[in-house]
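This report looks in turn at a sheet, a nonpolar core and the surroundings of a ligand. Please keep the sequence and the structure in view while reading.

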Amino acid sequence: MASNKRANSSDVAAGEQQKLSPSGLPIRKIPGGYGVPFFSPLRDRLDYFYFQGADEFFRSRIARNGGATVLRVNMPPGPLISGDSRVVALLDARSFRVLLDDSRVDKAGTLDGTYMPSLALFGGHLPLAFLDAADPRHAALKRVMIRLAAARMHHVAPAFGAAFTAMFDRVEAGLKASGSDEFNKHNDRQMLDFTCATLFGGAPPSKVIGDGAAAKAYKWLVFQLHPLASKAIKPWPLEDLLLHTFRFPPFLVRRDYAELTAYFADVAAGVLEDAEKADPGAIPRDELLHNLVFLGIFNAYGGYKFFLPHLVKWLVRGGPELHARLAGEVRAVVPADTAKAITLAAVEKMPLVKSVVWEALRMNPPVGFQYGRARRDMVVESHNAAYEVKKGEMLFGYQPLATRDEHVFKRGGEFVADRFASCSDGERQRLLEHVVWSNGPETGVAAEGNKQCPGKDMAVAVGRLMVAELFRRYDTFAARVEEQPVEPVVTFTSVTRATAAGHGDGKA
Ligand code: HEM
C-alpha cells in the first residue's frame, strides 16, 4: 500500500500533475494492476468470490490505491473461461457515467463482461443485448422490443394483480402450515407466468410446459451465468472448479431450451407476424423468435427474479413504522376492500411508494455490472482526478458503488425510504439522473441508438404495484432475510392482514 502511494506521488513529482483534463482535473496514471498472467486473475477470482466478496474486493483495492476510484483490476471468472480478465474499473458515480455514453463505449459482446456464452444457447443468434448500439441489427431488433413494451404496458397491472394474489395466497398457506414461507420460490414461479402473460398474452408457461417451466428457464439462465455465480455448492474449492473453470456444455440444456422456444413460437406468433409486416425482411423470423426468448426469460424474468426479493427485503427491514406510512398512503388512494387489481394511474398518486421503489433500485441495482470497450483514446474523470484510457481497453463499472456515492446521494449507503418523496421536483430530477439500474438515467428513454432497457417503465411499474398490493392487503409483516450473492432469500414469518383499525376493511 505504502509503495503504491509513493509511486503515485513520484508520478506527480515527475510532472504528471501539469497535464489537466478538459474540466481542469489532474491527469494521473491509472493505479492498480493485473499482476502475473494466469495466477493473479485466479487469485483475484478467489478474493472476489470467497475471501472478500464483491463489495470488499473493490473497497480494499480503492483503499490500497490511496482512495482512487478508477483502477486496473482483474474481473472474474478469469482462467480458463475469460480470454482476458483485465479491466479498468470505474467505481464512483462520475466515472461510471462513461459506460452509459454510447458515443464513448462499444458494447458489442460485453453483456456478461470478460466472457461470452456459447451462441448454441441462443439458437445460433447473437441476442440484442449483446449487440452494440451502432450495429444496424441493434436498431432493427430494438425497434420491435420498444414497440412491444409500449403496446403491452396496459397488461401489466391486471397480470401483476393476478400474480400477486397467487404468490401471497401461497405465502399465507405456507405460514399456516409451517410457520414460515419463502417468498423467492413463489416469485420464481409466478413471475415467469406474469412476464409471458404481460408481453404476449395466451396460456402461461406453467400451463403449457407444466410445473417445471420456471426450473427449465432457470437452468438456461444458469448455463449463461454460472461463471459469475457463487455460494451455490459446498465446499467452495469444488464450486470454483465446477462453476468458474470451464463452460457448461450447451447440449445439456438443449432440450429445455427447445421446449421453451416452442412455447414462445406459439405464444408470440402475433408479435412475429406483426414485426414481419411492419419491417419486411429486416429480421429473419427465426432470429426474432430467439430474441423474444431472450427478452422474456433473460431480460424480463431474470430482472424480476433479482429485483423483487431486494425490494421486499427493504420493506421487511423498514419495519412497522414504514409499513404504517405505506399502508396509509396506499389506502388513501385504493381502499383495502376493493378486489380489483391496483392500476398504474393509482400508483402514480403514491409518492412514498414510488420513492421506496427507486431507492431499492438505487441500493441494489438488479444488474450490478456494466462493461464496454473504449471506442477511442479518451480521458475518464472521477470526482478528483482524471485518467487516460486507450482505445479498445475494457471499462467496467460496479454499479452499487456508483449509486451509493456520497458525492451525489447524502447517506448514500443507507436505505432512505422517502429520499425521492421529501425533496423538491428539481432535486428529485437531479437525483434520478443518477439512478441508472436500466443502463441509463431514470430520467432517460430507451431508443434504437442507445443501450437503455426498453422494459424500464414496466419494471418500475411492477415494483410500485408490488409495494401497493402488499400494503393494501397487509398492515405489516415480518420475514428473515438471508443475503446471497445474487438475490436475498426472504422467508416470511408472519403477515398481518389489513384491519379496520389499521385503515383497512376489517377482513382478517
Ligand atoms: C426488473 C426488471 C428488469 C431489469 C432489472 C432490467 C435490466 C436491464 C439492464 C441493466 C439492461 C442493460 C444490460 C446491459 O447492456 O448492461 C437491460 C437491457 C434490456 N432489457 Fe431490461 N430489465 C428489466 C425488465 C425488462 C423488461 C420487462 C423487458 C421487456 C420489454 C426488458 C428488455 C430489455 C432489452 C431488450 C434489453 C437490451 C437493450 C439493448 O441492448 O439495447 N427488460 N435491462
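## The sheet

Two strands pair if DSSP finds at least two bridges between them, and the strands themselves (E, at least two residues), like the helices (H or I, at least four residues), are DSSP runs numbered from the N terminus. The model is predicted, so local features need pLDDT of at least 70 and side-chain atom pairs count only at pLDDT 80 or more, while totals for chains, interfaces and linings use all residues. Residues are numbered from 1 along each chain as its sequence is written.

Three strands form an open sheet with mixed pairing, in the order S1-S8-S7. Strand S1 (27-28) and strand S7 (378-381) each have a single partner strand, so one side of each is left without a neighbour in the sheet. S7 and strand S8 (residues 386-389) run antiparallel and are joined by four bridges, and Val379 stands opposite Glu388 in S8.

## The nonpolar core

A nonpolar core is a set of buried Ala, Val, Leu, Ile, Met, Phe, Trp, Tyr and Cys residues joined through C-beta atoms within 7 Å; buried means that 20 or more other C-beta atoms, placed from the backbone, lie within 10 Å of a residue's own. The largest such core has 138 residues, and those touching the most other members include Phe160 and Val353. Helix H13 (residues 285-333) contributes the largest share of this core, 22 residues.

## Around the ligand

The ligand is surrounded by 25 residues (C-beta atom, placed from the backbone, within 6 Å), and among the closest are Gly303 and Cys453. H13 supplies the largest share of this shell, six residues.

Note on methods
A residue is buried if 20 or more other C-beta atoms lie within 10 Å of its own, exposed if 12 or fewer, and partly exposed in between; C-beta atoms are placed from the backbone.
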